[in-house]
Amino acid sequence: MAGGPLIVGNWKMFCAPSQARELAVGVCAALDERLARTVVLCPPHVSLTAVSEAIKGTGVRLGAQNLHWEDEGAYTGEISAPMLCDAGCDFVIVGHSERRQLFGETNDTVSKKARAALAHGLRPIICVGETEAERDEGHTERVVVGQLLSAVQGLTPDQVAQLVVAYEPVWAIGTGRAATPAQAQEVHARLKGALADLYERGRDVPVLYGGSVKPDNARAVFEQPDIDGALVGGASLDAASFIRIAASWA
Ligand code: PGA
């Protein structure tokens, strides 16, 4: 994998600005420079500035959890890529399953958002994942590869080089029931294969695993050859847990 591992904290709808600042300071204080460069923190939009200030000069980078595909306009409640750049973001999560399931995000909107992010120099973290029913029916590969191909369709090799993909089985998110390292590896290999079929450097796109990553299972996940880091929800809200996960990368 090019560029080293990525350990991304998705704080979801937790951490108002004052709490976010405190958590970011706690995370940064415990990371040496090498580990800090692997970490991306994704607070809610309203807390981006507080975290941006807290991580300044540490090597830790900032990400948002969502964006709109237009640069500006009459879109009440939405936030655009140029705004995220101005707030100090380098990354943005796109198509998280909570957004797909609860807020009507589709493959089409995911594709538009990824393009908007790339157009402004933000690296989209494109989330894909199957539901439990889809896995039980044997549709995992079709679902996740379909989501991925829809998001990358028409991108140039230079754009693809900026992507991050996160495999997040829906049944593993927030449930405490992570995919086994072997289950995750199998899907990661398929996703990398699909990218490699389309792009010469497709295998270099980092593919992160997400879904109940904890300090005690991170190492086994990270040992898999096609797993390039983690997207961490619940365990990223506690500085000590998140740091232990980041430190699990050998
Ligand atoms: P979890 O969430 O670590 O709490 O399972 C992962 C995610 O939703 O990104």
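Start by selecting helix 1 (residues 17–29) and helix 3 (residues 48–55): helix 1 passes helix 3 in a right-handed crossing, meaning that the near helix is turned clockwise from the far one by less than a right angle. Helices here are DSSP runs of H or I with at least four residues, strands are E runs of at least two, and both are numbered from the N terminus. You are looking at a predicted model, in which local features need pLDDT of at least 70 and side-chain atom pairs pLDDT 80 or more, while totals for chains, interfaces and linings use all residues. Residue numbers run from 1 along each chain as its sequence is written, and side-chain values use heavy atoms, with hydrogens and water left out.

Now look at the geometry of that pair. The two axes come within 8 Å and cross at roughly 25°; axes are lines fitted to C-alpha atoms, for helices over the stretch in contact, and angles run from 0 to 180 degrees between N-to-C directions. Helix 1 is therefore roughly parallel to helix 3, a label for angles under 35 degrees, as against roughly antiparallel over 145, roughly perpendicular from 65 to 115 and oblique for the rest.

Show the side chains next. From helix 1, select Pro17, Ala20, Arg21, Ala24, Val25 and Cys28; they meet Ala50, Val51, Glu53, Ala54 and Ile55 of helix 3, with contact meaning heavy atoms within 4.5 Å. Colored by class, this contact has 9 nonpolar, no polar and 2 charged residues. Nonpolar covers Ala, Val, Leu, Ile, Met, Phe, Trp, Tyr, Cys and Pro, charged covers Asp, Glu, Lys and Arg, and the others, Gly among them, are polar.

Move on to the barrel. Its 8 strands close in the order 1-2-3-4-5-6-7-8 with parallel pairing, where two strands pair if DSSP finds at least two bridges between them. From one strand to the next, the twist averages 25°.

Select strand 1 (residues 6–10), which is joined to strand 8 by 4 parallel bridges. Here Val8 stands opposite Leu231, and Gly9 stands opposite Val232. Turn to the other neighbor, strand 2 (residues 39–42), and you will find another 4 bridges in the parallel sense, with Gly9 opposite Leu41.

Which residues of strand 1 are buried on each face? Leu6, Val8 and Asn10 are on one side, Ile7 and Gly9 on the other; buried means under 20% relative accessible area, exposed over 50% and partly exposed in between, using a 1.4 Å probe and protein chains only.

Strand 8 (residues 229–232) also meets strand 7 (residues 207–210), through 2 parallel bridges. Pick Tyr209 and you will see Ala230 opposite. Both faces of strand 8 are covered, with Gly229 and Leu231 buried on one side and Ala230 and Val232 on the other.

For the last stop, select Ala114 in helix 6. Ala114 is buried, with a relative accessible area of 0%. Leaving out residues up to four places away in sequence, it touches Val94, Pro124 and Ile126. Finish with a distance label: the C-alpha atoms of Ala114 and Pro124 are separated by 5.6 Å, though the two are 10 residues apart along the chain.
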